[in-house]
Structures are given as structure tokens and as C-alpha cells.
Amino acid sequence: MTNTERRDAQMAYISDGSIFEEQLVCRRILQKLNFMDRADFAGISQVVKELLGKSEGAFINPPFYCDYGKHIEVGRNFFANYNCTLLDVARIRIGDNCQMAPNVAIYTAGHPVHPATRNTGYEYGKEVTIGDNVWLGGNTVICPGVKIGSNVVIGAGSVVTKDIPDWCIAAGNPCKVIRSITDADRRKLFREEEIDQEAWEDIVAQTGIL
């Protein structure tokens, strides 16, 4: 098997010349994205589409960093805020309506634990999957192989080393489920503060929430 085939099969592989050639394509797009006029929203959106391929309504506030771009699959209305890093050695699959706060990092890449093995240059990638309607708080780190369910909030500063189920708030290092998200949270804004009446009426009109 080639190293590219080994990488894509989530096996041990070495970053050889063919792999660096793939990364060069991504780096040229990132160079364009990360040095664009920050007020050129339409231009940024176009470059994001070039980087990620299939995407609908995706927007990234640069700077943004990744290895390939083409290994990142996002659903509708994806948003990543400043300084996010997605090391997409393996696939990163993200559902609809997902948001990333500043400094979020998703790592699919890893290295052998034993130094003698690690020093040979072999590494690996393990897929990360994120469901629909997920909000990752600032400085969250997602480790290789993790699956996060739908309708989840990950608290700022969390390090996610294990899978997180649907419909919950999780936080900490290591990240753990704190509680479920329920209908009682529909009008919550910040802690126990509720959304004001004017905004709530607009939300109800738009969505039909009762």
C-alpha cells in the first residue's frame, strides 16, 4: 500500500512526498484565505467553498488552519470563529448548523506512544464525527477518534477525549456530561437569564417554538 492509501485507511503511515504535495494545495488556499481583506465577506465565503468543497452557507473567520481541507465535511450553515485549527489527516465530519468559538482545535492526527516507534516518522489519523446543532465553546480541543452527538454544547476550555451523547451540555478536562438539554432551556440566554420578550416573539415567529 502507498502511504496515501495507508493514511486514508486510518493505518500507520509516513508523510512522504505525495502527501506533502496534497498539503501544498491546501496551504495555497489557506494563504489566500488568511491574508484576505477581513471585510470581504463574499470573497471569504468563496475561498471557504474552494477549501472545503461541498458546503452550503459555510463561513470561517480567518485565520484558519488545516492540513488538507478536502478531508473536512461540513453540513449547512457551518461557522468557525477566529483561529480554529482542524488537523484533518483523517475525515472530520460535521453536521448542520454547527458553530465553533475562537481557538477550537480538532485533532485527528496522532503519533505512537513509544519514542523509538514515534521517531521512525510513522503517524496515524482517526476520524472525528460531530452531529447537527453542536456548539463548541472557545479553546475546546477534540481528540482523535471522538464522536459527538447532535444538539450538544461543549463548554469553553474542554478537552474531549471520549464520545459525547446527543442532547447534553458537557465540559471539563477530560470533558464529561454535566446535564441534559431539555425544553426548559428553550428560552435560556445566559445562565438563568431568559431571552427578552421582543426577541422571543421574533424567535417564535421564525421557528414556531411554543
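Analyst: A residue is called buried at under 20% relative accessible area, exposed at over 50%, and partly exposed in between (1.4 Å probe, protein chains only). The structure above is a predicted model, in which local features need pLDDT of at least 70, side-chain atom pairs count only at pLDDT 80 or more, and totals for chains, interfaces and linings use all residues. Residues are numbered from 1 along each chain as its sequence is written, and side-chain values use heavy atoms, with hydrogens and water left out.

User: Thanks! Why is Arg7 called buried?

Analyst: The relative accessible area of Arg7 is 1%. That is under the 20% limit, so Arg7 counts as buried.

User: And what makes Asp8 partly exposed?

Analyst: Asp8 has a relative accessible area of 48%. This value falls between 20% and 50%, so Asp8 is partly exposed.

User: How do you know that Arg7 and Asp8 form a salt bridge?

Analyst: A salt bridge needs a side-chain nitrogen of Lys or Arg within 4 Å of a carboxyl oxygen of Asp or Glu. The closest N and O atoms of Arg7 and Asp8 are 2.8 Å apart, so the pair qualifies. Salt bridges that share partners also join Arg7, Asp8, Glu22 and Lys70 into one network. The whole structure holds 12 salt bridges.

User: What makes Glu50 and Lys32 a salt bridge, and which parts does the pair tie together?

Analyst: Their N to O distance is 3.0 Å, which is within the limit, so this is a salt bridge. Glu50 sits in helix α3 and Lys32 in helix α2, so the pair ties together parts that are 18 residues apart in sequence. Helices here are DSSP runs of H or I with at least four residues, strands are runs of E with at least two, and numbering starts at the N terminus. Glu50, at 41%, and Lys32, at 40%, are both partly exposed.

User: How do you know that the span of helix α3 agrees with its number of residues?

Analyst: The expected span is 1.5 Å times one less than the number of residues. For the 12 residues of α3 (41-52) that gives 16 Å, and the end C-alpha atoms are 16 Å apart, so the two agree.

User: Why do you say that the buried residues of α3 line one face?

Analyst: Gly43, Ile44, Val47, Val48, Leu51 and Leu52 are the buried residues of α3. Seen down the axis, they fall within an arc of 155 degrees, so they line one face of the helix; the arc is that of the directions from the helix axis to the C-beta atoms. They pack against α2 (17-34), β2 (59-60), β3 (64-66) and β4 (72-74), where contact means heavy atoms within 4.5 Å. On the other side, Ala42 and Gln46 are exposed.

User: What makes the phi of Asn83 worth a look?

Analyst: Most residues other than glycine have a negative phi, and most peptide bonds are trans. Asn83, in the loop between β5 (79-80) and β6 (84-87), has a positive phi near 65 degrees. At 32% relative accessibility, Asn83 is partly exposed. Asn133, in the loop between β12 (128-130) and β13 (135-136), also has a positive phi, near 55 degrees.

User: Which peptide bonds are cis?

Analyst: Among them is the bond from Pro62 to Pro63, with omega near 10 degrees; Pro63 lies in the loop between β2 and β3. The bond from Asn173 to Pro174 is also cis, with omega near 0 degrees.
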